[in-house]
Every structure is written in C-alpha cells, then in structure tokens.
Amino acid sequence: MSFLDYAPAPESRSVLALREEYGLFIDGAWVPGRGEPFQTISPADESVIARVASGNEADVADAVAAARRAYERVWSKMSGRDRGKYLFRIARLIQERSRELAVAESLDNGKPIKESRDVDVPLVASWFFSYAGWADKLDYAGLGASPKALGVAGQIIPWNFPLLMLAWKIAPALAAGNTVVLKPAETTPLTALLFADIVRQAELPPGVVNIVTGAGETGAALVEHPDVDKIAFTGSTEVGRRIARTVAGTHKRLTLELGGKAANIVFDDAPIDQAVEGIVNGIFFNQGHVCCAGSRLLVQESIHDEVVERLKARLATLRLGDPLDKNTDIGAINSREQLERIRELSDVGVAEGAERWSAPCELPEAGFWFAPTVFTGVETSHRIAREEVFGPVLSVMSFRTSKEAVAKANNTPYGLSAGIWSEKGSRILAVADALRAGVVWANTFNRFDPTSPFGGYRESGFGREGGRHGLAAYLTPAGASTGRAASARRTASTSRRKGSAK
Amino acid sequence: MAAADLAEVRARALAVLGGEPDDATLRRYLHGIPGVDAVGLEQRAASLATRSIKTSSKAWALDRIVSLIDLTTLEGADTPGKVRSLVAKAVSPDPSDPSTPRVAAVCVYGDLVGVARDALGAAHGDPDDGLVAVAAVATAFPSGRASLAVKLADTADAVAAGADEIDMVIDRGAFLAGRYGEVFEQIAAVRAACERADGTRASLKVILETGELHSYDNVRRASWLAILAGGDFIKTSTGKVSPAATLPVTLSMLEVVRDWHRLTGQRIGVKPAGGIRTSKDAIRYLVTVAETAGEEWLTPHLFRFGASSLANDVLLQRQKLRTGHYSGADYVTID
C-alpha cells in the first residue's frame with residue numbers, strides 16, 4: 001500500500017444528537033414555523049440530515065416582537081458586566097461542545113472537519129470571548145462615554161461559514177446591548193439551531209437571541225420589518241443591493257459584507273514555498289467558498305512558470321473527499337446550485353481561451369464535488385478574472401512591475417481583501433497602501449482574528465466586523481438623535497402590543 | 001578516483017553557481033535563493049502534524065520507522081561493551097518478534113567502528129538490503145572546532161576502520177561569518193577523505209547543527225551549501241545542542257532536497273537527529289517527507305532518524321498493534 005493513502009479517519013457522528021425536526025427559536029422556546037418546512041442535506045452524499053421549519057412574515061414579526069420585549073425589559077437595562085457574563089458563558093459552552101459543533105458544521109456545509117475543528121469553531125469561541133470582554137467597556141469603543149445600543153438587530157448570514165458568521169453577528173450585537181433575530185442560510189441552518197440550544201443552556205433571557213430559519217422570503221420579511229433597527233447582512237452582492245434598496249430611507253442602520261475577487265500578488269522575492277501554501281490557503285480553503293478568497297493570482301512574470309509548476313505539484317497532494325475524514329483537505333461544494341455556477345463559470349473560462357488544469361483527484365459519485373482548478377493565461381477582461389466564482393477555481397495572471405500589479409489588483413468592482421508576498425518590507429507597505437481593499441494580508445492569507453476589523457470597499461459592501469470597529473456598528477453615541485422614524489416606530493410597536501392585548 | 005569524484009562535484013557546483021565556489025559567488029547564490037517565511041513554514045509544519053494515521057497505515061509506518069533509524073550512542077563514556085549491546089539491538093530490535101525489521105545503521109564514535117563491524121558480522125551491509133550499516137561521527141564532532149588536517153585525519157581513521165557512513169559537522173563559525181567558500185572546501189575535502197583504498201566511498205552526512213544557525217534562511221542556505229559541496233545527506237543536529245531536530249527545520253531541508261532534485265535530478269537524503277522520541281512524532285516526520293519530497297524518499301538511503309530513545313517507543317507501539325494492549329518499558333531492551 002501507499003503510505004499516503006493513509007487509512008480513513010472519519011470523525012464519529014455519534015457526538016451529535018440530532019433531532020429529526022427543528023422549529024424556530026423564538027422568545028427562548030421552540031415553535032413550529034408557519035411556512036413550508038424544508039430539508040437540510042449533507043452536500044457530501046445528499047443524505048437528509050433534518051427537517052427544518054420555515055418562518056413566514058408572521059413568524060418573523062413574532063421573533064422581532066420577542067426581541068423588542070427582551071431589549072426593553074431586560075437586555076438594555078442590564079449592566080455591561082452582566083451581559084459580559086452571559087457572553088463568557090456562551091463562549092465556554094461553545095468550547096465544551098466544540099467537537100459536536102465541528103461535526104455538525106462539516107455535515108451540513110461539506111467543509112472538511114479539520115477546518116471546522118481547527119479554524120471555524122475555535123474562532124467562534126474566541127469571537128464570543130473577545131466581545132464578552134468588551135461588554136462592560138463600551139465607553140472605550142471610540143464613540144464617547146456611554147454609547148447606546150441600537151435596539152433590535154436583524155441579521156442574515158451565508159452558508160459558507162455558518163457558525164462563524166453567526167458569531168461575527170451575534171457576539172458584538174449582544175455585547176453592545178442589542179437583541180437579535182438571526183436568519184441562517186437555508187442550506188446550512190444546523191449549527192445555528194444547535195446554537196439556540198447553547199443559548200438556552202446559558203440561560204440567556206428569552207428573546208435576546210431568536211433564530212428564524214427559512215429561505216430568501218424569510219430574510220426579506222426580516223429586512224422589511226418596521227421594528228428592526230439594524231440590518232447586518234453577509235452574502236452575495238446581488239442580495240446586498242436589494243437589501244440596501246429596501247432599507248434606504250428608513251431609520252435602519254445597515255452593514256453589508258458582500259462578494260470579493262481578491263488579488264493575491266506574488267513578487268519575485270517572495271518566500272516561494274510559503275507563497276505556494278498561501279495561494280492554496282487563499283483559494284482552496286473551504287472549497288473557495290470564501291468572500292475574501294484570493295481568487296486572482298498575480299505573479300511577477302519572472303517567476304510565473306515556476307510558481308505555477310510548484311502550485312500544481314502541491315495541489316496534486318490535496319485530498320478531496322469525505323468532509324468528516326480528518327485527513328480531508330477539500331470537502332464538498334455546498335449545494336447543487338453552487339456547483340452548477342462553478343461549472344458554468346469554468347466552462348466560460350475555457351471558452352474565453354484560458355488554459356484549464358484540475359488537480360487529479362477522484363470525485364465521489366454522490367454529492368456535489370469540484371476538483372481544485374487553476375486557470376492560466378487569464379486576461380483581465382475574462383469573466384473568470386472579474387466575476388466571483390465562489391468555488392475552488394484560481395485565475396492566474398502575471399505582471400512586470402508593482403505599478404502594474406496594483407493597477408490589475410484594483411481593477412475590480414470589489415474591494416474586500418488582497419494579499420502581498422514579498423520579503424521586502426518597504427514594498428509590502430507601499431503596495432498595501434495603494435490597494436483598495438478592506439483587508440490586506442502580507443505573507444499570509446485568510447487569517448481572521450476577533451480583534452481585527454474586517455470589511456470591504458465598493459461592491460464588497462460597507463461597515464466593519466471584528467474589533468472595536470465591529471462594536472461601533474451596533475452602537476450610537478450617547479445623546480445622538482434616534483430620529484423621527486425611530487419614534488414613529490416606537491408608537492407603532494406600542495399600538496401593536498395594545499392591539500394584541502385586546 | 002578520489003580526484004575524479006571531487007572534480008565532478010566541483011564541476012556540478014560550477015554549473016549551478018555559474019562560477020567558482022568562492023565566498024562571493026556562494027554568497028550571491030545562497031542569498032538569491034527565495035527566503036523562508038518563518039510563520040508560514042511553522043504553520044505548514046503544524047498542519048502536516050495533524051494528519052490522522054489509522055491502524056493499517058500506522059503498522060506500515062512503525063515498521064518503516066525502525067528501518068530508518070540510526071541507532072546511536074555518542075557518549076564520552078561509551079565502551080566496546082555498550083557498542084556490542086547496541087549492535088545486538090540493531091540486528092534484533094525486538095527479540096519477542098522476529099518480524100521486526102532491522103535498523104538502518106548504528107552510529108558511533110570513530111574509535112568504536114571496528115568494534116561495531118566485528119559485532120555485526122554477517123548482519124553488516126547495505127540497509128536497503130535489510131542489513132545494518134556502520135556510521136561514524138567525525139571531523140571533531142560535535143563542535144567541529146579543529147584544524148582541517150585534524151578533521152580529515154579523523155575522517156580517514158573512521159573510514160579505514162570500516163565505517164560505511166561518515167557524519168561530519170560543518171564549521172558553524174565560518175558559516176555564520178559568511179565564509180561560505182571555506183565551509184564548501186571543508187565539506188569537499190571531507191568527502192574526498194571518505195574514499196576507501198578500493199576506490200569506493202563512504203556516504204557523507206553533513207550535520208548543519210541547525211540549533212546554532214538561528215534562522216530558517218540560514219538552514220536553507222547551509223543545506224544548499226552542503227549539497228553543492230557534495231554531501232549525500234543533510235542532517236539537522238549532533239544531538240548535543242538544543243534545539244535539535246524540529247519539524248519546521250526538517251520541512252525546510254526537505255524543500256531543499258526536493259528543489260535540488262528538480263534542478264539536477266539527483267536525490268539527496270535528509271536526517272533529522274535528536275529530540276524525536278515518540279512514534280507519534282516520528283510518524284509526523286514520515287508524513288512531512290511523503291508530502292514534501294515524496295514517498296520515494298522513505299528509504300534508508302534517503303531518509304534516517306538519528307535517535308536512540310525513539311526505537312523503544314516504536315517497539316512498544318508495534319507490540320501494542322500485535323497484542324492489542326500496551327506492555328511496559330521492561331518489555332523492550334535497553335541499549
């Protein structure tokens with residue numbers, strides 16, 4: 001046998017006590033949804049994991065009402081110190097249940113267990129720990145003394161990092177004193193539902209966190225609801241535009257984390273082996289389902305061929321397969337729909353004249369799979385160099401001077417992230433300065449930290465998550481006017497409550 | 001023969017360097033090699049260390065580890081008796097299980113080579129054929145602080161006594177001072193001293209003592225230098241300096257031999273030495289070798305473990321796989 005075949009090392013699913021059916025988590029209790037329930041499946045083999053409720057407009061209204069009550073009666077009155085205690089408790093519970101959460105995430109999303117176990121879940125815990133520490137220190141968030149919470153936050157998260165995006169949304173919102181209604185993506189609701197259990201275990205006051213599962217209409221109902229003070233959305237630019245249109249002219253605050261088409265720039269003096277690792281991590285991490293993925297590789301012409309050759313050799317060692325196997329590097333594509341889109345754009349790449357190379361891996365028969373793919377000979381006008389593929393597809397281009405590299409890197413409607421590989425510190429600083437991207441990594445890629453702000457320019461959205469900046473997105477300076485719309489909304493919600501009492 | 005061999009090494013270096021192997025040419029070349037990003041290297045090593053190895057792969061790995069070990073005793077207090085005991089263990093690592101492979105070599109000080117050869121008897125030979133080789137440390141091991149004449153005499157003595165492999169140390173002082181030409185010439189001279197009377201040559205392992213080189217860039221440069229000067233193996237450490245072998249250091253050396261193979265088609269061996277004590281640790285090295293240089297490197301003429309306490313842990317693990325339960329330290333032999 002070949003040593004490199006290793007033996008299968010699947011993580012056990014027995015740590016996961018799944019129910020067959022999940023309802024909505026509103027006001028601290030499970031309630032049935034009034035929409036048509038749907039199934040969540042494992043993208044690795046298309047098997048059904050559980051039946052999940054779908055929230056309609058009335059369910060969303062219940063959730064928002066519960067969040068409003070919890071905000072006004074409990075959460076906004078509680079001291080920051082006490083809020084911090086709850087958040088610390090949640091963080092510890094996440095650590096205690098990390099194995100279960102990692103298995104659930106890999107099962108539902110298709111990402112390799114080594115990523116959910118070693119990256120996602122530890123980051124989720126650290127996000128809660130980090131913001132737990134902020135809860136009693138809001139005076140130091142940069143908004144003056146005693147900043148105020150916004151109220152009820154409606155949060156919509158994507159399917160690529162289901163639990164991590166939940167943490168990015170919920171942790172700062174709660175630390176700042178807001179209550180939340182969160183809608184997870186319809187293909188990956190599982191870990192949010194497990195998180196609802198953690199919320200109960202932490203004995204958080206009912207209504208502080210509400211989870212409403214469902215598809216696009218559920219999200220739209222949340223965005224349109226008049227009693228929501230803040231919308232935080234992570235997802236596609238297309239949906240982000242719709243949300244921005246809906247929210248425009250209302251009192252609602254909005255932050256958007258949208259798509260990206262990041263440039264990963266490799267200069268000829270780069271630490272080459274680590275750069276190759278960084279390219280792999282930049283685009284093949286999480287099957288390329290990363291909004292800040294380094295999907296455009298810009299290599300200095302003098303080392304272009306060498307880098308491509310080394311990259312292909314490295315990609316040939318990647319293991320694709322069962323996401324629950326601890327030795328798997330590349331898991332499944334999250335959904336059939338996404339797989340179709342990746343296939344379509346790859347075909348476009350070939351039609352446009354780029355040269356396609358795919359890693360020689362055997363694809364499982366069931367489930368949604370796409371081999372890591374590299375396009376060389378890509379021109380800046382090609383669609384694969386401009387559109388977000390959101391899959392394991394890398395477009396390689398070359399450049400001669402750093403001026404050209406910057407021009408090519410910035411030539412995109414997006415501006416979320418970028419990477420620079422060079423041994424020369426002055427060059428890194430100069431190029432980073434010239435790049436229009438929210439995050440610029442130097443000699444690394446796809447690294448996240450709860451203390452570091454993350455967010456984009458232009459079509460990649462606005463607002464920042466993480467760090468002090470992420471807190472500011474859920475706060476308003478003391479004495480700031482809440483606006484006419486807000487007072488109108490208060491009246492509306494009061495009359496609604498009276499109405500329901502009749 | 002010796003002269004021809006040396007001329008060949010020099011010609012190859014000349015072709016790769018584009019000039020004579022003097023300080024200036026070597027500096028230009030070694031400093032022109034892409035650098036190593038320490039954070040990235042360590043992250044890659046850490047991720048390789050998370051590979052999960054289950055039963056069937058583990059059984060294969062444990063046997064392979066035994067066959068890659070240089071069973072070593074390098075104490076001032078070594079006696080002929082101790083060496084004979086070491087040899088007995090090398091030939092039959094686990095007396096309770098005759099299927100246990102032999103180790104690759106025994107590694108001793110030069111003055112004990114004769115004792116080791118005699119003790120090995122018919123078991124002496126090429127580790128690729130399942131026999132046990134004799135390796136000797138030479139060149140004023142472990143400090144390397146002696147004149148070239150002394151180092152060469154030390155080497156010639158060990159070769160004359162019958163050593164199959166010579167583990168030499170580089171002059172770290174000269175290397176750190178940037179006198180690359182001097183280090184090159186010393187390695188080349190020691191290689192020449194490895195020639196035997198019959199025209200064959202003992203294999204040369206060049207110890208970089210990475211714990212004294214302080215940066216991965218230096219490790220990479222020293223690795224290139226040792227290969228350019230004709231080393232058959234590059235070895236991390238003497239075992240006398242801490243830190244000895246680490247996974248990131250070994251990874252960076254494996255990247256060098258992989259690149260040298262891409263450049264010249266020639267395969268150079270790697271030997272991490274010192275500090276590898278458990279099977280789990282050793283398996284991580286096997287994974288790193290297989291995923292960096294390739295599985296073909298996992299043979300005694302391309303990869304070795306310099307370790308003395310590792311063997312016993314591997315034997316205990318083998319017994320566990322065979323019997324289903326752990327025994328204790330008394331179920332394997334001390335050296």
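UniProt annotations, quoted here in the numbering of this model and with shortened feature names, may be inferred rather than shown by experiment. Keep that in mind for the legends below, which describe a predicted model.

**View 1. The span that UniProt annotates in chain A.** The UniProt record, an unreviewed entry, lists residues 30-475 of chain A under "domain: Aldehyde dehydrogenase".

**View 2. Chain A as a whole.** Here you can follow 16 helices and 20 strands. Chain A has a radius of gyration of 23 Å, close to the 23 Å given by the globule rule for 502 residues, so it is as compact as a globular protein of that length. Its C-alpha trace spans about 75 × 50 × 40 Å along the principal axes. Of the 502 residues, 60% count as buried.

**View 3. The largest nonpolar core.** This core holds 112 residues, and those touching the most other members are A:Ile94, A:Phe128, A:Leu166, A:Phe195 and A:Val209. Helix H5 of chain A (residues 162-175) is its biggest contributor, giving eleven residues. Both domain 1 (13-257 + 466-484) and domain 2 (263-442) of chain A supply at least three residues each.

**View 4. Around A:Val209.** Which residues does A:Val209 touch, leaving aside those up to four places away in sequence? Its partners are A:Phe25, A:Ile170, A:Leu174, A:Val180, A:Phe195, A:Val199 and A:Leu204.

Notes: Residues numbered from 1 in each chain as written. Chains lettered and ligands numbered in written order. Predicted model: local features only at pLDDT ≥ 70, side-chain atom pairs only at ≥ 80, totals over all residues. Heavy atoms only, no water. Core = buried A, V, L, I, M, F, W, Y, C linked by side-chain atoms within 4.5 Å. Buried < 20%, exposed > 50% of the residue type's maximum accessible area, 1.4 Å probe, protein only. Helix = DSSP H or I, 4+ residues; strand = E, 2+ residues; numbered from the N terminus. Domains from an automatic or database assignment. Contact = heavy atoms within 4.5 Å. Rg over C-alpha atoms; globule rule 2.2 N^0.38 Å.
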